[in-house]
Each structure stands twice: as C-alpha cells, then as structure tokens.
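User: Hi, I am new to this structure and would like a friendly tour. Could we look at it together?

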Amino acid sequence: MLASPLAPADVPTGPQDAPTVQVRSNTNTLPSSWWSSERLYELERRAIFSQSWLFVTHVSRFEKEGSYFTFEIAGYPFFVIREKAAPGQELEKPVLRAFHNACRHRAYPVAKKKEGNVGMAGVLSCGYHGWCYDTRGALRKAPQFDNVPGFNKSENGLFSIHTHVTDTGLVFVNFTASPNPPPFQEIFRGFEDEMKEFDFSQYEYRESYELRGDFNWKALMDGYQECYHCPTAHPGLTKAFSIPTYKVMPRSNYCRHFADQRPARAAPPPKRPGERQRSGSITEWLGSFIFAEQVAEQEALEKARNSAGEFDGLWVYTFPNSGINCYSPAWYTLRVVPVSATKTVLEYDIYQKKGVDEQEILEFIDFLKQVEQEDFDLCQATQRNLRAGVYTTGVLHPEKENGVLYYQNLVRERVLEHHELEKAAGREISPASLGSRDSAEDDVCRGLESGSCGGGKDLEW
Ligand code: FES
Ligand SMILES: [Fe+2]
C-alpha cells in the first residue's frame with residue numbers, strides 16, 4: 001500500500017459491500033524467476049502491456065488545444081495530444097488522441113519534449129528530416145517527396161493508439177494494433193461509476209516526480225496490493241489508520257482499497273498562533289494545522305467524521321501497473337513503468353485541491369514522498385534476494401495478501417495463455433506490432449532471437 005495518511009477525501013462511504021471477485025486458491029507467489037528473466041519480461045510486454053488498458057494521465061493537464069505529453073510504458077514511447085481545430089474551425093468538445101512517438105519515415109521521435117504544444121503551426125515537426133504531422137496524426141509535409149512515384153501522404157500518418165477517457169477524466173491507452181481493443185467497460189466493470197465518488201473537477205495538476213528502481217515492476221505492485229507490511233514498514237501510516245481494518249477488494253481488473261482512519265486525538269496546540277508543528281502521531285500532525293483556540297472544534301469534527309465511518313478515501317489499483325489515490329488536499333497517480341526485467345521507473349503525478357493552503361500541500365507531499373521511499377527501499381532489497389537464486393516462491397496470506405494473489409493470478413493467466421498461443425503459432429505474437437513481420441529478412445532475426453544462434457533459451461519453443 002502506497003497511500004499516505006493524509007486528510008480524508010470528501011467522498012461518501014464506498015461500496016464496501018459491492019460484489020467482489022473471488023481470488024483463486026493458488027496461494028503461492030509467482031516464481032522468483034519472473035522478477036528477473038528478460039525473456040519473461042518480453043513475454044509480459046506481449047501478453048500484458050501491449051494489449052491491456054493502461055492508465056496514463058488526467059484530462060485536466062491538457063489545458064489548451066495542441067497540448068501534448070510524452071510517455072513511455074514498457075518500452076512503448078507514445079504521446080497524448082489534445083486535438084487542435086483547423087484554422088477558422090471550432091471543435092464541439094475537447095478531443096484527446098494518442099500516437100506512437102515514431103516518425104513514419106525513419107522512426108525518429110516526433111515529440112521530443114516531455115510536454116509541449118504544437119503552437120500556431122498546428123503541427124509536430126520531426127527533427128530528423130522535417131516531416132510534419134497535425135494533431136490528428138495526418139502527415140502534412142514530407143520535404144522533397146512530392147514527386148516520388150507511389151508515395152502517398154495519406155498512407156504515412158502517425159500510428160494511432162486506442163484511448164479511453166472516463167467520465168471523471170482519467171485517460172487510458174491500449175497499444176493493441178487490432179481495430180477492436182477489449183471494451184473498456186467490460187474490462188473495468190464498475191470502475192467508472194466507482195471513480196465518480198470523488199470530485200476530480202475540484203483539483204488541478206501540481207507537479208510530478210519519479211523514482212528509478214533496480215527492481216522488477218511486480219516488486220512494487222506486490223507492496224501496493226497489500227498493507228500486511230504496514231505495521232513493520234510504515235510506522236507513520238499505522239498511526240493514522242486502523243491497519244486491522246485494511247482490506248483490498250478485487251473487482252474487475254482493478255482493486256479498491258479500504259481502511260478506517262484511527263480516531264483523532266487532540267493535537268498539542270502550537271506555541272503561538274500561526275505556528276505549525278509536526279511531531280507525534282500523524283493524526284496529531286493532521287490536527288496541528290489549527291490554532292490553539294480551534295483545537296476543540298477540530299477535535300469534535302475529527303471525532304464525528306471517524307465515528308461515522310465516513311473516511312474511506314478512494315484508493316484504486318488498475319491492472320496491470322497503476323494506482324490512483326484520492327485524498328482531500330490532493331490526489332495522486334502512480335504509473336509503475338517497466339524498463340527491463342530489473343529496472344522500473346515509478347512516476348507520480350500530484351493534483352492539488354484548488355485553493356488549498358500552500359503549507360498544507362507541501363506537508364502532504366513531504367509525507368507522500370516519505371511513504372513512497374519506504375516502499376521503494378523494500379523493493380530494492382527484495383529484488384536483490386529474488387535474483388540470488390536461493391528463494392524461489394513463498395506462501396501468501398489468503399486474506400491479508402488477497403490483492404497480491406489477485407493481481408499475480410491475472411499476470412499468470414495472461415502470460416501462460418499468451419505463451420500457449422505463441423507455442424501453437426511457433427513464433428512470437430506481438431499484439432502492438434504494426435505492419436508486416438513476415439518478410440524473409442525478419443525470418444533471419446527470428447532464427448537468431450530464438451536461440452538457434454546463441455540467443456537465450458529460457459522461453460524457446
Ligand atoms: S525520421 Fe522523421 S523525417 Fe525522417
Ligand atoms: Fe507500502
């Protein structure tokens with residue numbers, strides 16, 4: 001669990017009695033080789049990341065037409081851009097589009113910055129040979145290609161990526177090259193309604209940060225999906241939440257997390273009006289924002305809130321690699337971005353409540369980073385042992401680690417199913433791949449990669 005014990009979100013009690021998914025009876029972790037094998041990671045890319053709906057960002061970040069943000073998930077560089085109306089025209093409503101960030105000429109990235117805007121020109125210009133694409137991905141200019149026989153601009157637009165934007169503005173992408181991606185609402189049944197409990201419109205983007213880890217992406221997901229480790233690893237967290245009440249509710253390719261906030265105690269009053277303190281329990285710390293004469297009033301408020309069981313927050317894991325965590329002063333997202341079998345980037349985006357006190361948000365972020373660092377350290381040390389070749393698998397608690405069981409079973413199912421498909425086909429199947437892979441030249445590479453000329457052999461068939 002990566003959530004920080006901060007002020008509760010203004011959300012009603014969550015549907016704790018909503019039907020949940022029963023986790024299968026397999027109670028062991030996946031084998032440790034799945035945390036370090038590069039071949040297995042490549043199979044995960046094909047089986048999972050190239051055809052799942054992946055959470056990316058929130059629409060509120062695209063303030064103007066032509067704004068874009070670049071991302072890379074599991075080795076797929078792409079960008080999301082808000083369409084810009086043609087000169088003299090207006091769009092009825094904002095439209096977001098996503099494209100692979102590869103020029104159709106010779107594959108140079110067309111969007112070079114982390115974020116930007118196409119500006120008045122309305123096009124992204126490739127920095128290699130100057131091909132230009134509009135915000136719908138159409139090729140507008142290909143210098144000196146006008147008289148090349150057989151060349152057709154309309155056949156050389158950017159490769160588009162499926163997008164889905166929820167009613168609450170959460171943006172997902174799916175890299176599958178199939179024109180028919182799995183229907184979002186069927187994959188994440190009930191997700192869109194559940195997210196409506198939080199009023200995202202009251203928040204604005206504040207900042208992002210990242211942590212670069214030497215561990216497999218699943219190392220972080222393992223910790224995210226349970227709070228069994230909280231009493232030992234997150235001392236601050238246990239002061240704010242009643243850990244025995246912590247539960248993970250598997251839904252439909254996502255999980256909702258719940259915990260009761262611990263009853264508030266009166267905070268020690270500041271020594272002088274306006275002074276903030278940060279000591280003792282986190283609950284005390286939360287209370288320490290108030291002046292001495294306001295303590296009693298705040299205490300009564302906290303008690304009423306807790307005894308009513310009002311606090312649930314809105315903490316959600318979406319398969320395979322993201323977390324969306326909503327509190328009152330801010331909400332933040334986590335993209336767990338695999339880079340290789342043993343390298344992962346944790347990308348955090350923080351959205352603050354409009355008009356929130358600056359000191360309050362600074363302390364929120366401080367505490368958030370402290371909890372994230374604790375989880376990061378767990379992953380670094382665990383990964384070293386997963387690679388040592390001693391530990392192979394361990395038993396998971398059927399209740400306290402049901403979230404880990406749930407998501408690991410999804411990984412297991414997807415990977416084994418895809419592996420069977422590839423065995424039957426006698427070749428790799430890459431759902432995100434565009435264009436033909438059946439040339440004789442490609443056959444040369446396939447032979448080399450399959451191990452017949454010295455490649456790895458752990459997943460060959
Ligand atoms: S690679 Fe983009 S113009 Fe040549
Ligand atoms: Fe944690």
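Predicted model: local features only at pLDDT ≥ 70, side-chain atom pairs only at ≥ 80, totals over all residues.

User: Which strand order does the open sheet that includes β11 have?

Analyst: Residues are numbered from 1 along each chain as its sequence is written, while chains are lettered from A and ligands numbered from 1 in the order in which they are written. Strands here are DSSP runs of E with at least two residues, helices are runs of H or I with at least four, and both are numbered from the N terminus; two strands pair if DSSP finds at least two bridges between them. With antiparallel pairing, the seven strands of this open sheet follow the order β11-β17-β16-β15-β14-β13-β12.

User: Which strands stand at the edges of that sheet, and why do they count as edges?

Analyst: An edge strand has a single partner strand, so one side of it is left without a neighbour in the sheet. From one strand to the next, the twist averages 15°. The two strands at the edges are β11 (203-213) and β12 (241-250).

User: Which helix packs on this sheet?

Analyst: The helix touches β12 and β13 (254-261), where contact means that C-beta atoms, placed from the backbone, lie within 7 Å. Its direction makes about 25° with that of β12; axes are lines fitted to C-alpha atoms, for helices over the stretch in contact, and angles run from 0 to 180 degrees between N-to-C directions. The helix is α10 (residues 402-425).

User: Which residue of β17 is the bridge partner of P338?

Analyst: Strand β16 (residues 330-340) and strand β17 (residues 343-353) run antiparallel and share 10 bridges. In β17, the partner of P338 is T344.

User: What is the strand order of the open sheet that includes β1?

Analyst: Its edge strands are β1 (54-58) and β5 (115-117), each pairing on one side only. The twist averages 30° from one strand to the next. This sheet has seven strands with antiparallel pairing, in the order β1-β10-β9-β4-β3-β2-β5.

User: Which residue does T57 pair with in β10?

Analyst: β1 and β10 (residues 170-174) pair in the antiparallel sense over four bridges. In β10, the bridge partner of T57 is V171.

User: Is T70 buried or exposed, or something in between?

Analyst: T70 is found in strand β2 (residues 67-73), and the residues it touches beyond four places away in sequence include P77, F79 and N101. A residue is buried if 20 or more other C-beta atoms lie within 10 Å of its own, exposed if 12 or fewer, and partly exposed in between. T70 has 18 C-beta neighbours inside 10 Å, so it counts as partly exposed.

User: Why is helix α1 described as largely enclosed?

Analyst: Among the buried residues of α1 are L40, Y41 and F49. The buried residues pack against β2, β16 and α10. Helix α1 (residues 38-49) is largely enclosed by the rest of the structure because its buried residues number nine of the 12.

User: How do α1 and α10 lie relative to each other?

Analyst: The axes of α1 and α10 come within 9 Å and cross at roughly 100°. Angles under 35 degrees count as roughly parallel, over 145 as roughly antiparallel, 65 to 115 as roughly perpendicular and the rest as oblique. That makes α1, relative to α10, roughly perpendicular.

User: Which residues of α4 and α9 make the contact between these helices?

Analyst: Helix α4 (residues 217-224) and helix α9 (residues 358-386) pack at an angle of about 130°, with their axes 9 Å apart. That makes α4 oblique to α9. The contact is made by A219, L220 and G223 of α4, and by D375, L378, C379, T382 and Q383 of α9.

User: How many C-beta neighbours does L368 have inside 10 Å?

Analyst: L368 lies in helix α9. Its C-alpha atom and that of Y332, 36 residues apart along the chain, are separated by 9.4 Å. L368 counts as buried because its C-beta neighbours inside 10 Å number 22.

User: What share of the chain's residues count as buried?

Analyst: The chain has 11 helices and 17 strands. Of its 461 residues, the share that count as buried is 38%.

Definitions and conventions: Contact = placed C-beta atoms within 7 Å.
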